[in-house]
Structures are given as C-alpha cells and as structure tokens.
Amino acid sequence: MATRTEYERLLDLWRSIDNAGGTDRYIEQQLKDRGYLVTRRETDNMSKSALARYKKQLKQEAAEKRKLKKEAWQAYRAAHIVHLGEGVFWNDPSDFDRWDLRGAEERAAENELPALDNPGQLAKALELTLSQLRWLSYHRDAATRIHYYRFTIPKRNGKKREIWAPHARLKKAQRWILHNIVERLPVHGSAHGFLAGRSIATNAAAHKNADIVVKVDLKDFFPTVTVSRVKGIFRKAGYREQVATLLAQICTEAPREVMERDGKTYFLSLGPRCLPQGAPTSPGLTNTLCLRLDRRLQGLAGKLGWRYTRYADDLTFSRPAGSEGQPRIGALLGGVKRITADEGFEVHPDKTRVARKGGRQQVTGLVINGDGKPRVPRKTRRQLRAAIHNLKQGKPLREGETVDHLRGLAAFVYMTDPDLGKKLLDDLAGLG
C-alpha cells in the first residue's frame, strides 16, 4: 500500500492528467516535452543508418509511453475506487443513478448528516486514502485475509453464538459512520436497544403491571439484513450511489466458513454480505431499518389493546392489567407473523412465549410482575450474593463463573436497584 507521501504525489499527478484533458493528451504532451515524441515519416527511401536511428527513436518513444501509461494508471487508482470485488457494482464516473433520491443532498441536510458527495470526501472524513477505503470495502468470495476476527459466546440454550468483530482500522471507520450518520437517522419510539437513554430496563418498564406478556424473537436477525438493504438505508438517508455503496460495504461482511488447505487459511463466503454480529454499526442500522416494522407492529398492538416494544430482535407485547374484552392472542401473533414477513424478517418458530399474570413475567431478563420497577430475578441476586460470600471465604467459584462475570451481574442489578448494585460492586472491588 502506498505511503501517504506517495499517495499525495499520485493525486497531484492525476490532477495534472485531468487538467491536460485525459490520459492520452497528457502522455502525448509529456512525450513532446521530454523529447520522446517522434514525427512519423515514410521509411521507403531511408538509408539503413537513418532507418536504424528512426526505429531506435520509436522504441524509446514506446518505452517512455509504457512508463507514462503505468504511472497514469497508478495515479488513476489513487484517485478512484476502480473496483470493489466480485459481484459488487461500481462505476467511477459520478453520474446520477436512476435510483438516487430527488433532492438527496437536501434529505441528508435535513438529517444533519455530513456532506459526502463523492468517495474522496468519504475517505477524507474517515482519515483514509482512497486505496485504504477500497481495501476496507473490497469483497472476495474466497479470501485469505478479512477485516474481522471470530470468537464465540455461550447462548442461553447452551449452544455457541459466533461473533465477528472488526479489526482496529475497520472498527474506527465503523464508529465514525455510527456516530456521524447512523445515530442521526430516525428511529421509532418503541425501539429500546442500543439507543442513548434507553436500555433493557426502559424496555421492561413499558410492560409492567400486565395481564399477559407475549415475547417473539426474529430469526437470524442480523444475517437477514443484507448489503442491498443496508445500501438502501444510506440512499434513503440522502447519499448517492457511490457513497451509499461504500458505506454499505464497510458496514457488512459475508458469513464465512474458515478452511485450511495446503497450509493456508481461507475464509469462504457462504452467502451475501450482511450485518455482522460484532460490528458497532449493526444494531443502529437495524433500528433505523425497522422504523416501518416498528410503526406497523405498534399500530397492530394498539388496535388490539396491547403495548409493544422491540429490543434488537426481541419483540415484546403486553396487555395492561384490567383491560376489557378478549386478548385475541391468535390475531396478534398472526398479524405479527404477516407484518414481519412483509418487512423482510421471519418469526422464530420456537421462541414465542406467553406469560400470564399468575406466573413469572420476564422481559429482557427483568421481572415485571406487578406495578413496581422491573427487577433482576431473585435467583440471580441470591446466586450473586452466594458467589461473593464464597470469594470472601476463599472458596472457589462454580464452574464457568469468573470475577468479571460477577461484576457484570452486579452492574445488571445496579441498573434497576442502584443501592444493592453499588453494595455488590463494592464487595467485588477488592476481590481480584
């Protein structure tokens, strides 16, 4: 990859080429200025020595022309994206695309988004060269290196969830996109995940004192949001074809299988690029993408006398205590299935739960029975106290428990019960 100094030199060279009227005119002028341009002449009457000199001049001109063409191509690549890999449409000329919004720039200004009219402006905003921007956005179906590393975390059912986390340079670019673009896009009031001032606690509080709670999960939530849908978000926000394509590429990656062959590691694409579970931009993009989904589900819930919130892929509906009429759970679930399908999602068939007033009602991990504040389940608090007591007595923790895990649980308690949470965190502070 070119150094910054070399990059700037190539950009200056491209500006000279552009000012000359294109590559061919630039090369012709350079050949002339450097004394390599040969005036073509008839060779029939030339002497052997004159013909030899003429051929030598032509060879020198051809060699210099090849050199100039190579430099011009390097300059073009420094000033243009050129190509983004297999299956990615790209067109360097900044012609308006028929899918661009009318008055796109005005839409971006209404959302108070940064002006990004071309790839060069995006690269500058991200503190990248165009070559680096292309490198972060490039797609290969079979890659020997990608911009993510993989790890797993346990799921509640005992299985492993794969997380693909971006490397530092890509993560920095994604965080800029998150803070300067994604967080400024409209989000429905029923969304509570990954938003300032909202949390699992605010999500649960919206459903307290309920007769019935219905919880629905969306299947393969992030993988369902493919690169074309992400590109649509940025287009709708007010960015045109080129910039929307680059932003979508930076925020997505193909699901991949890791294989070893002949001592080399390959990352093989298993499908279209989509939102990785681990990229900082993924939750925010789903929030704005689900604006219409949330609006429609809120309308369905209100029509049937229910309340509705969404935390990432968890949909929660509750019927307030004392509501009149029949709950019509079947109509609710049927409507949810139809609307989510219309919006490009799928209800997980095995993860719909109905909790009535007589049993425990739990939303995003918090108990909401009654009209009090949502709270951490008593069992969790009891286990946390017991683990802290064992640590103080010098006893080992249970298998799978760590001090960091206990601190996370204490912070979880602090969210809904600050006094108890602070005491637990203080107890853990001196325990290693």
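Modeller: Before we start, a residue is called buried here if its relative accessible area is under 20%, and please keep in mind that what we are looking at is a predicted model.

Biologist: Fine, so are Y308 and F317 buried or exposed?

Modeller: Both Y308 and F317 are buried.

Biologist: What kind of aromatic pair do Y308 and F317 form?

Modeller: Y308 and F317 form a tilted pair, with 5.1 Å from centre to centre and 35 degrees between the planes.

Biologist: How many aromatic pairs turn up in the whole structure?

Modeller: The search of the whole structure finds 7 aromatic pairs. One of the aromatic pairs is made by F194 and Y311, and this pair is tilted, with 5.7 Å between the centres and an angle of 40 degrees between the planes.

Biologist: Where do F194 and Y311 sit in the chain?

Modeller: They come from distant parts of the chain, 117 residues apart: F194 belongs to the loop between α7 (168–180) and α8 (200–205), while Y311 belongs to strand β7, which covers residues 307–311.

Biologist: And why does Y311 count as buried?

Modeller: Y311 counts as buried because its relative accessible area is 18%, and the cut-off for buried is under 20%.

Biologist: Which residues form an aromatic cluster?

Modeller: W14, W73 and Y76 form one aromatic cluster.

Biologist: Changing topic, what about T340, where is that?

Modeller: T340 lies in helix α14, which spans residues 329–342, and it counts as buried because its relative accessibility is 1%.

Biologist: Which residues does T340 touch?

Modeller: Leaving aside residues up to four places away in sequence, T340 touches L218, L293, L315, F345 and V347.

Biologist: Now the open sheet, what is the order of its strands?

Modeller: The open sheet has 3 strands in the order β1-β6-β5, and the pairing is antiparallel. The strands β1 (142–143) and β5 (256–261) stand at the edges with a single partner strand each, so one side of each has no neighbour in the sheet.

Biologist: How many bridges join β1 and β6?

Modeller: Strand β1 pairs with β6, residues 264–269, in the antiparallel sense over 2 bridges, and A142 stands opposite L268 in β6.

Biologist: What do strands of a sheet pair through, in general?

Modeller: Strands of a sheet pair through backbone hydrogen bonds, in either a parallel or an antiparallel way.

Terms used
Residues numbered from 1 in each chain as written. Predicted model: local features only at pLDDT ≥ 70, side-chain atom pairs only at ≥ 80, totals over all residues. Heavy atoms only, no water. Helix = DSSP H or I, 4+ residues; strand = E, 2+ residues; numbered from the N terminus. Buried < 20%, exposed > 50% of the residue type's maximum accessible area, 1.4 Å probe, protein only. Contact = heavy atoms within 4.5 Å. Pairing = 2+ DSSP bridges. Phe/Tyr/Trp six-rings, centres within 6.5 Å; stacked < 30°, edge-to-face > 60°.
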